[in-house]
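Reader: I have the file open next to me. Can you walk me through it?

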Amino acid sequence: MQSLTLKSPAKLNLFLKVLNKRPDGYHNLETIFERIDLCDVVGFRSNRSGRIRIACDHPEVPLGPKNLVYKAFQLLQKEFGIREGVDIKIAKRIPVAAGLAGGSSNAATTLLGLNQIWGLGLPRQKLVELGARLGSDVPFFLYDASWALGTGRGDQIKPLDIRAKLWHIIVVPRRKMYSREVFTALNLELTKNKHDVNILLRSLRKGSLEKAARLLFNDLETSILGICPKLLTVKKRLQACDVPGVAFSGSGPAVYGLVTSQEKARHLQKNLNRFYKQVFTAATL
Ligand code: C5P
């Protein structure tokens, strides 16, 4: 029996601009992905049943066909006529439906893990093509990159040569939010702004972190706050802690601050723990 254990990291979006709505209903984006060291751990063990059995320590994670891990398994099995099954154990640390792409990351990790334990030898480009069928955020996690520019649905990935290592404080409110809900609430008339991804990229490349912090941007913020106005309090509370840059990540309610050291992040975590149950510190991975 082949077995394997892999880390499945979360992401933050430091910049997310919505360009337009596409005929297929999705939106074209320009986004900067950052891989962070807040990780789930996914264990794989091949079995002869031909089926997938998922176990997870988080009660809200579906164990059946709704789980992207399940879908990744089905896709590979069907595409390559695989008869083997697999037991998958997910140790969940990444909050669900928060904008941190935990489910997409688990799906990418499943493609990578099954490619390995089943000895499929699929090249990255093929995995990326399969990943894009599972979800817009999946391809990013198939690259071994800390930073990437995402275009198209967010599925066209260009790894970036950025050496910056950032620290973050992440507050995850109880309110869950799904991408569809947030994109549906989006008023494209309000997204015609002049924010330029290249200015932020330049700051990140130069390591000008205070400047980068001021350039964080997310076009989906208005929709997120439209759906749940209370989340503005979370953002304001972080801003009041003298954090140089605060933003929402992707299409979720998680609010993060960019800070310059681990000490600062830990100190803030202690303070914010008085108000929120789920507060994390995380660094670029
Ligand atoms: O690709 P994914 O399955 O994660 O997308 C979930 C939903 O989010 C889509 O059905 C769509 O409504 C919305 N979405 C979008 N534009 C994107 C990504 C997602 O409209 N670039």
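Predicted model: local features only at pLDDT ≥ 70, side-chain atom pairs only at ≥ 80, totals over all residues.

Reader: What is the phi of Asp 242?

Author: Asp 242 has a positive phi of about 65°, although it is not a glycine.

Reader: Buried or exposed, Asp 242?

Author: Exposed means over 50% relative accessible area. Asp 242 has 59%, so it is exposed.

Reader: And Ala 97, where does that one lie?

Author: Ala 97 is in the loop between β4 and α2. Its phi is also positive, about 50°, and Ala 97 is not a glycine either. With a relative accessible area of 18%, Ala 97 is buried, because the cut-off for buried is under 20%.

Reader: Switching to rings. How many aromatic pairs are there?

Author: The count comes to 5 aromatic pairs. One of them is Phe 15 with Phe 217, a tilted pair at 5.6 Å centre to centre with 50° between the planes. Phe 15 lies in strand β1 (residues 3–21) and Phe 217 in strand β8 (residues 217–218), so this pair ties together parts that are 202 residues apart in sequence.

Reader: Are those two buried or exposed?

Author: Phe 15 is buried, at 1% relative accessibility. Phe 217 is buried too, with a relative accessible area of 12%.

Reader: Which residues form the aromatic cluster?

Author: Phe 33, Phe 140 and Phe 141 form one aromatic cluster. Phe 140 also has a charged residue over its face: Arg 35, at 5.7 Å from the ring centre.

Reader: What lies over the face of Phe 275?

Author: That is Arg 237, at 3.8 Å from the ring centre of Phe 275.

Reader: On to helices. Which residues of α3 are buried?

Author: Helix α3 covers residues 124–134, and its buried residues are Leu 127, Val 128, Leu 130, Gly 131, Ala 132 and Leu 134.

Reader: I was looking at Asn 106. Where is it?

Author: Asn 106 lies in helix α2, and at 3% relative accessibility it counts as buried. Leaving aside neighbours within four places in sequence, Asn 106 is in contact with Ser 8, Asp 40, Val 42, Val 69, Ile 90 and Lys 92.

Reader: Next, Lys 89. Buried or exposed?

Author: Lys 89 is exposed, with a relative accessible area of 60%. Its place is in strand β4 (residues 85–91). Beyond neighbours within four places in sequence, Lys 89 is in contact with Val 41, Val 42, Gly 43 and Ala 55.

Reader: How are the C-alpha atoms of Lys 89 and Asp 57 separated?

Author: By 8.4 Å, while the two residues are 32 residues apart along the chain.

Reader: And Ala 282, what does it touch?

Author: Not counting residues up to four places away in sequence, Ala 282 touches Ile 36, Asp 37, Leu 38, Leu 166, Trp 167, His 168 and Ile 170. Ala 282 sits in strand β11 (residues 279–283) and counts as buried at 0% relative accessibility.

Reader: Last topic, pockets. What volume has the largest pocket?

Author: About 1400 Å³. The largest pocket is lined by 48 residues, of which Leu 68, Ser 104, Tyr 178, Ser 179 and Arg 180 lie nearest its centre.

Reader: Which elements supply its lining?

Author: β1, β2 (27–47), α1, α2 and α4 (179–184) each supply at least two residues of the lining of the largest pocket. By class, that lining has 21 nonpolar, 18 polar and 9 charged residues.

Reader: What about the second largest pocket?

Author: The second largest pocket holds about 580 Å³ of space. Its lining comes to 23 residues, of which Val 172, Pro 173, Arg 174, Arg 175 and Gln 278 lie nearest its centre. The classes there are 12 nonpolar, 3 polar and 8 charged residues.

Conventions
Residues numbered from 1 in each chain as written. Heavy atoms only, no water. Phe/Tyr/Trp six-rings, centres within 6.5 Å; stacked < 30°, edge-to-face > 60°. Helix = DSSP H or I, 4+ residues; strand = E, 2+ residues; numbered from the N terminus. Buried < 20%, exposed > 50% of the residue type's maximum accessible area, 1.4 Å probe, protein only. Lys NZ or Arg CZ within 6 Å of the ring centre and 35° of its normal. 1 Å grid on protein atoms, 1.4 Å probe; cavity = no way out; pocket = protein on both sides within 12 Å on 5 of 7 lines; lining within 4 Å. Points joined across faces, edges and corners; volume = space filled by probe spheres on them. Nonpolar A, V, L, I, M, F, W, Y, C, P; charged D, E, K, R; others polar. Contact = heavy atoms within 4.5 Å.
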